[in-house]
Amino acid sequence: MEDDDDFLMISALQHLAFCERQFALIHIEQVWAENRWTAEGKVLHERVDVVRHESRRSFRQEFGLSVRSLHYGLVGRCDLVELSIDKEGRVVEAIPVEFKRGRKKEDDEDRVQLTAQALCLEEMFNTVVPYGEFFYLQEHRRSGLEIAAALRSRTAGLVERARLLRAEGRTPAAVYSKRQCDNCSLLELCMPKKVGAGAKAVGRYMASQIAASRVTRERQRDEGAEGEVSS
Ligand code: SF4
């Protein structure tokens with residue numbers, strides 16, 4: 001990766017695994033909306049996402065560890081990584097642990113996230129990461145995930161797909177799915193049920209929302225820049 005802008009956030013792969021349109025709205029159009037689930041997730045991660053580490057000679061826990069892969073062009077942050085260390089101080093095993101609200105999901109976006117973290121850790125520590133773990137809040141226990149070949153190739157495929165969509169700057173059309181859309185933070189902006197007969201109106205509405213979102217971001221950036229200059 002030559003340019004920082006070429007890197008993809010691991011969260012972008014989760015959005016893409018969930019819905020291509022959601023990925024494009026967030027990572028191409030730069031639209032974001034908070035809902036109950038994203039807000040709860042944020043609070044949970046703020047609780048665990050404190051950069052600190054606990055260590056013994058042969059074992060270390062790193063919380064809020066930043067990770068990256070030059071090979072895949074990925075960056076992200078792990079809630080927790082447990083490292084086993086040999087006598088020479090080399091990392092011989094790394095286990096990423098993700099804290100999640102709710103319960104284990106049918107869809108694979110959480111598994112893609114953990115796999116992407118594992119790929120980053122393998123490159124960073126020159127080791128193999130055969131499995132990771134989830135801690136789902138409602139289950140009150142850890143559950144393991146094998147970082148299997150199928151998940152690795154699914155994740156690598158999503159990296160390629162994300163790059164293609166980003167290069168094309170294309171936002172796929174909405175296709176309503178109750179299971180996905182009713183849990184989507186962008187439902188009100190996307191309005192998937194109205195696409196079709198009302199597509200033009202929806203298009204105009206989306207364009208106005210995207211423009212408004214850009215103006216807000218630019219204003220926040222300008223205010224931030226002014227703050228930096230005056231401080
Ligand atoms: S509302 Fe549905 S189609 Fe629209 S971004 Fe969300 S999941 Fe995708």
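This is a predicted model: local features need pLDDT of at least 70, side-chain atom pairs count only at pLDDT 80 or more; totals for chains, interfaces and linings use all residues.
**The whole chain.** Of its 231 residues, 25% are buried. Among contacts between residues at least 6 apart in sequence, 62% join residues at least 24 apart.

**Helices H1 and H5.** Select residues 10–18 for helix H1 and residues 149–168 for helix H5. How do these two helices pack? Their axes are 10 Å apart, at an angle of about 90 degrees, which means that H1 is roughly perpendicular to H5. To view the contact itself, show the side chains of Ala 12, Leu 13, Leu 16 and Ala 17 in H1, then those of Thr 155, Leu 158, Val 159, Arg 161 and Ala 162 in H5. By class, this contact has 7 nonpolar, 1 polar and 1 charged residues.

Then centre the view on Ala 162. Apart from its neighbours within four places in sequence, Ala 162 is in contact with Leu 8, Ala 12, Leu 13, Leu 16 and Phe 23.

**The nonpolar core.** Ala 162 leads onward to the largest nonpolar core, which has 39 residues. Leu 13, Leu 74, Val 81 and Ala 162 have the most contacts inside this core. The elements that give two or more residues to the core are H1, H2, strand S3 (59–69), S4, strand S5 (91–100), helix H4 (109–125) and H5. Select H4 in particular, for H4 gives the most to this core, with 7 residues.

**Strand S4 and Leu 80.** The last stop is strand S4, residues 74–85, where Leu 80 is found. Is Leu 80 buried or exposed? Leu 80 is buried, because 20 other C-beta atoms lie within 10 Å, and a residue counts as buried at 20 or more. Finally, select Phe 99, 19 residues away from Leu 80 along the chain. The C-alpha atoms of Leu 80 and Phe 99 are separated by 8.4 Å.

Technical notes: Residues are numbered from 1 along each chain as its sequence is written. A residue is buried if 20 or more other C-beta atoms lie within 10 Å of its own, exposed if 12 or fewer, and partly exposed in between; C-beta atoms are placed from the backbone. Two residues are in contact if their C-beta atoms, placed from the backbone, lie within 7 Å. Helices (H or I, at least four residues) and strands (E, at least two) are DSSP runs, numbered from the N terminus. Axes are lines fitted to C-alpha atoms, for helices over the stretch in contact, and angles run from 0 to 180 degrees between N-to-C directions. Angles under 35 degrees count as roughly parallel, over 145 as roughly antiparallel, 65 to 115 as roughly perpendicular and the rest as oblique. Ala, Val, Leu, Ile, Met, Phe, Trp, Tyr, Cys and Pro count as nonpolar, Asp, Glu, Lys and Arg as charged, and the others, Gly among them, as polar. A nonpolar core is a set of buried Ala, Val, Leu, Ile, Met, Phe, Trp, Tyr and Cys residues joined through C-beta atoms within 7 Å.
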